[in-house]
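Thanks, everyone, for making the time this morning. I would like to walk you through one model, beginning with the ligand and then turning to a pair of helices.

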Amino acid sequence: MPALPPSTFRTASPGETRALAERIAATLPDGAVILLEGELGAGKTCFAQGLARACGVRRPVTSPTFTLVNEYPGTVRPFAHMDLYRLASEDEAATLGLDDYLLRYPGLVAIEWPERAPSFLPPDAWRVTLSPAPDPSNPDARLVTLLPPAPTPVP
Ligand code: ADP
Ligand code: MG
């Protein structure tokens with residue numbers, strides 16, 4: 001099975017980024033892990049809000065600040081929102097059992113700042129990169145790239 005190519009989208013507003021995330025979420029299986037990459041203010045939390053909406057979460061979704069993860073039941077499926085920004089070291093990820101958590105979570109998991117714990121991320125994660133789109137007429141324009149996981153070879 002060939003690897004799927006990355007897809008790039010352009011959004012013109014936070015609402016469009018949420019709507020895009022919602023559409024993408026509908027194509028992801030239970031247990032999918034979505035790595036959200038991009039600078040501060042790129043729109044990672046905004047994208048996570050769209051994923052949450054697709055899971056049937058009605059509570060407002062904000063970045064977890066005092067905890068590493070916020071969990072939402074969702075009427076469609078559970079949603080977990082992680083922010084690893086404050087992770088002290090990869091040892092902490094080990095202590096918390098991050099890899100095990102990601103393996104077992106039944107719904108969608110979105111992870112902001114996944115680069116803080118590179119060795120604890122599953123190889124079959126989806127990667128979403130957000131960045132400002134160079135557009136002098138719209139400072140809210142963003143490029144959103146979706147990179148599906150490489151298919152695992154069948155033994
Ligand atoms: P991050 O989690 O990457 O630090 P946030 O999602 O918290 O970023 O914040 C993104 C900020 O940029 C918000 O204030 C949001 O309103 C604004 N914004 C402007 N345009 C967009 C867009 N197209 N997509 C996402 N956010 C946008
Ligand atoms: Mg954020």
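Let me start at ligand 1, which has 15 residues around it, and of these T17, G41, K44, T45 and D140 come nearest. Please keep in mind throughout that this is a predicted model.

Taking the polar contacts in turn, T17 places a polar side-chain atom 2.6 Å from a nitrogen atom of ligand 1.

Now to the helices. In general, two packed helices are described by the angle between their axes and the distance between the axes. Here helix α1, residues 14-25, packs against helix α2, residues 44-54, at an angle of about 45°, and their axes are 7 Å apart. An angle of that value is why α1 counts as oblique to α2, and the crossing of the two helices is right-handed.

Which residues in α1 and α2 meet? From α1 they are P14, T17, R18, A19, A21, E22, I24 and A25, and from α2 they are C46, F47, Q49, G50, L51, R53 and A54. Sorted by class, this contact of α1 with α2 has 9 nonpolar, 3 polar and 3 charged residues.

Finally, I would point you back to T17, which is listed both among the residues that come nearest to ligand 1 and among the α1 residues that meet α2.

Note on methods:
Residues numbered from 1 in each chain as written. Chains lettered and ligands numbered in written order. Predicted model: local features only at pLDDT ≥ 70, side-chain atom pairs only at ≥ 80, totals over all residues. Heavy atoms only, no water. Axes fitted to C-alpha atoms, helices over the stretch in contact; angles between N-to-C directions. Helix = DSSP H or I, 4+ residues; strand = E, 2+ residues; numbered from the N terminus. Parallel < 35°, antiparallel > 145°, perpendicular 65-115°, else oblique. Left-handed = near helix turned anticlockwise from the far one by under 90°. Contact = heavy atoms within 4.5 Å. Nonpolar A, V, L, I, M, F, W, Y, C, P; charged D, E, K, R; others polar. Near = heavy atom within 4 Å. Polar contact = N/O pair within 3.5 Å; in protein donor to acceptor, adjacent residues only side chain to side chain.
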